[in-house]
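Let's walk through this chain together, from its overall layout to a few individual residues. Keep the sequence and the model side by side as you read.

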Amino acid sequence: MGAVSLSWQVLSFLFLLLLASSDAASSHCAYQGPIVRNISNAFQSNFGRGGLSHITIAGALSHGLKEVEVWLQTFSPGSRTPIHRHSCEEVFIILKGKGTLLLASSSFNHPGKPNEFPIYTNATFIVPVNDPHQIWNTSEDEDLQLLAIVSRPPAKIFIYDDWYMPHTAAKLKFPFDWDEDCYDQPKDEL
C-alpha cells in the first residue's frame, strides 16, 4: 500500500511540475532564467499604441531582474511616445532611423518649452530621473528603432497632455503598458 501511495505522490508531483512549466513557458511574464534567447521569437506588442513595437529583452517581471530593464522599441514613421517623465534613469541607443528628442527640466511643475535634439543612427543619449521627454520618429519612410536601458524597474510613469498648459497635471500610469499584463501589485515609491 505504501509503495502505491508513494508512486501516486511522485506522479502527482511530476504532473504538477509539468503543468507549471508549460504555463510558465507560454507566458511572457514568467521568469525564464538566464538562457540564450532569440529576440526574433520574443513577445512583441504595441499595447494599443499605433506605430509602436515593444519587446522587453531583459526585464524585472519577465526575467527576474531587479535593477535594470532593456527594451527594443520600433516607431513607425511619424509615431512618438507620449510626453512623460518617470522614476528612473534611461539610456537610449538609436539602432536605426532618425528623429527628435524633446527634453525639459524636472525643476518645473509642468514641462514648459522643451529643448529639441536631433537623434540618428548610432546616437546615444541619457534622460535623467523625472525629466519630461518625448521621442518622435520624424522620418516619412523609415522606422526609428532604439534600445532603452531603464533603471529601477518597473518605473512609475507620469504622462502629460501638453507641454505648455500648467493646468494639465501629469497623470500617473502605473504599471506601464508592458508591465500591466504581469504586474499585480503596486511598487512602493522609491
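Helices (H or I, at least four residues) and strands (E, at least two) are DSSP runs, numbered from the N terminus. The model is a predicted one, in which local features need pLDDT of at least 70 and side-chain atom pairs count only at pLDDT 80 or more, while totals for chains, interfaces and linings use all residues. Residues are numbered from 1 along each chain as its sequence is written, and side-chain values use heavy atoms, with hydrogens and water left out.

Start with the overall layout. The chain has three helices and eleven strands, and along the sequence they follow the pattern α-β-α-β-β-β-β-β-β-β-β-β-β-α. Of the contacts (heavy atoms within 4.5 Å) between residues at least 6 apart in sequence, 70% join residues at least 24 apart. The chain has 190 residues, and 42% of them are buried; here buried means under 20% relative accessible area, exposed over 50%, and partly exposed in between (1.4 Å probe, protein chains only). The accessible surface of the chain is about 11,100 Å², with 58% of it belonging to carbon and sulfur atoms. These areas come from the Shrake-Rupley method with a 1.4 Å probe, and for residues only the protein chains shown count as cover.

A nonpolar core is a set of buried Ala, Val, Leu, Ile, Met, Phe, Trp, Tyr and Cys residues joined through side-chain atoms within 4.5 Å. The largest one holds 20 residues, of which Phe92, Ile94, Ile119, Phe125, Ile135 and Leu146 touch the most other members. Two or more residues each come from strand 2 (68-75), strand 4, strand 5 (98-103), strand 7 (124-127), strand 9 (144-151) and strand 10 (157-160). Strand 9 gives the most, with four residues. What does phenylalanine 92 contact, leaving aside its neighbours within four places in sequence? Its partners are Ala123, Thr124, Phe125, Val127, Ile135, Leu146, Leu147 and Ala148.

Leucine 95 lies in strand 4 and counts as partly exposed because its relative accessibility is 36%.

Next, look at histidine 86 in strand 3 (residues 83-86). Is histidine 86 buried or exposed? Its relative accessible area is 2%, so histidine 86 is buried. Its side chain makes a polar contact with the side chain of glutamate 90 (2.7 Å), and another, of 3.3 Å, with that of histidine 133. A polar contact is a pair of N or O atoms within 3.5 Å; within protein, one must be able to donate a hydrogen and the other to accept it, and residues adjacent in sequence count only if both atoms are side-chain atoms.

Finally, visit two loops. Most residues other than glycine have a negative phi. Asparagine 122, however, has a positive phi, near 75°, and sits in the loop between strand 6 (115-120) and strand 7. Asparagine 130 has a positive phi too, near 65°, and is found in the loop between strand 7 and strand 8 (133-137).
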